[in-house]
Amino acid sequence: YVSPNLVAIADNLVFYSDDNGDTWNYNSNSPIVLGNNPSFFTKNDSVILTSGPVIFRSFDGGINWGNSINVSKDATIDGIIQTNNKLLAGTPKGIYASLNFGKTWKAITAAGLRTGNWFTHDFYKSGNNFLLAYDEIGVSYSADTGKSWNYTLQGFSPMASIDNAMLFSKNILFTGTHGDGVYQSVDNGSSFIKIGTTNNLD
């Protein structure tokens, strides 16, 4: 939701609804979404759409969109979170910051964060922790707005891939895995335990 519209992606196109989803509209200048893990970040009537290594911005509720803005040269953006007046974008290549609602981006020092050929799937904020979910090496977390990072392997099997969305509900953080069920954290991602079925199911 971005005031006053609903905005959604379907068939790699961006649609908006101004009647609570009864009908949907497409603007010809809307971006074509080619990334594997697109996401929205909204603030009042403004919205940022991530698509691969770039973002698009709209300042009228998702109706009209500007040109693409490069964030990371060749790394898919896993999500955008806000801390004070700063936006942070999480990618497999590192963390990028913007002080002007995504107009320009700069890589920031993130001590302890593994970068390179690791697959990541989600960038999320839980409490005061920033979380970046990886294949096979658990969840990386930062308690100091992205300056330094640690890894929580507690609770995850060695080959668990955190490739499903992280969701926060009633002070509990939930995440799905590929082939190892569902996990929860009650300490904002510092540690996890497996819940539900004991079978290794998606």
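Residues are numbered from 1 along each chain as its sequence is written, and side-chain values use heavy atoms, with hydrogens and water left out. Because the model is predicted, local features need pLDDT of at least 70 and side-chain atom pairs count only at pLDDT 80 or more, while totals for chains, interfaces and linings use all residues.

The chain contains 0 helices and 19 strands, where helices (H or I, at least four residues) and strands (E, at least two) are DSSP runs numbered from the N terminus. Of its 202 residues, 45% count as buried, with buried meaning under 20% relative accessible area, exposed over 50% and partly exposed in between (1.4 Å probe, protein chains only). Among contacts (heavy atoms within 4.5 Å) between residues at least 6 apart in sequence, 36% join residues at least 24 apart.

The largest nonpolar core has 12 residues, including Phe-41, Ile-48, Ile-77, Leu-87, Phe-101 and Trp-105; such a core is a set of buried Ala, Val, Leu, Ile, Met, Phe, Trp, Tyr and Cys residues joined through side-chain atoms within 4.5 Å. A second, separate core of 11 residues has Leu-88, Ala-110, Leu-132 and Trp-149 among its members. Strand 9 and strand 10 form a hairpin with 2 residues between them, and Thr-91 stands opposite Gly-94 in strand 10. The side chain of Thr-91 makes polar contacts (pairs of N or O atoms within 3.5 Å; within protein, one must be able to donate a hydrogen and the other to accept it, and residues adjacent in sequence count only if both atoms are side-chain atoms), reaching the backbone nitrogen of Lys-93 at 3.0 Å and the backbone oxygen of Gly-94 at 2.9 Å. Thr-91 is buried, with a relative accessible area of 1%, and, not counting residues up to four places away in sequence, Thr-91 touches residues including Ile-77, Tyr-96 and Leu-132. Strand 10 (residues 94-98) is largely enclosed by the rest of the structure, because 5 of its 5 residues are buried. Strand 10 is also joined by 2 bridges to strand 11 (residues 106-107), again antiparallel, with Ala-97 opposite Lys-106.

The structure holds 4 aromatic pairs, counted where rings of Phe, Tyr and Trp (its six-membered ring) have centres within 6.5 Å, with planes under 30 degrees apart taken as stacked, over 60 as edge-to-face and the rest as tilted. Phe-15 and Tyr-26 form a tilted pair, 5.7 Å centre to centre with 50° between the planes; Phe-15 lies in strand 2 and Tyr-26 in strand 3, so the pair ties together parts that are 11 residues apart in sequence. Both are partly exposed, with relative accessible areas of 22% for Phe-15 and 39% for Tyr-26. Phe-41 and Phe-101 form a tilted pair at 6.2 Å and 50°, and both residues are buried.

Methods. Two strands pair if DSSP finds at least two bridges between them.
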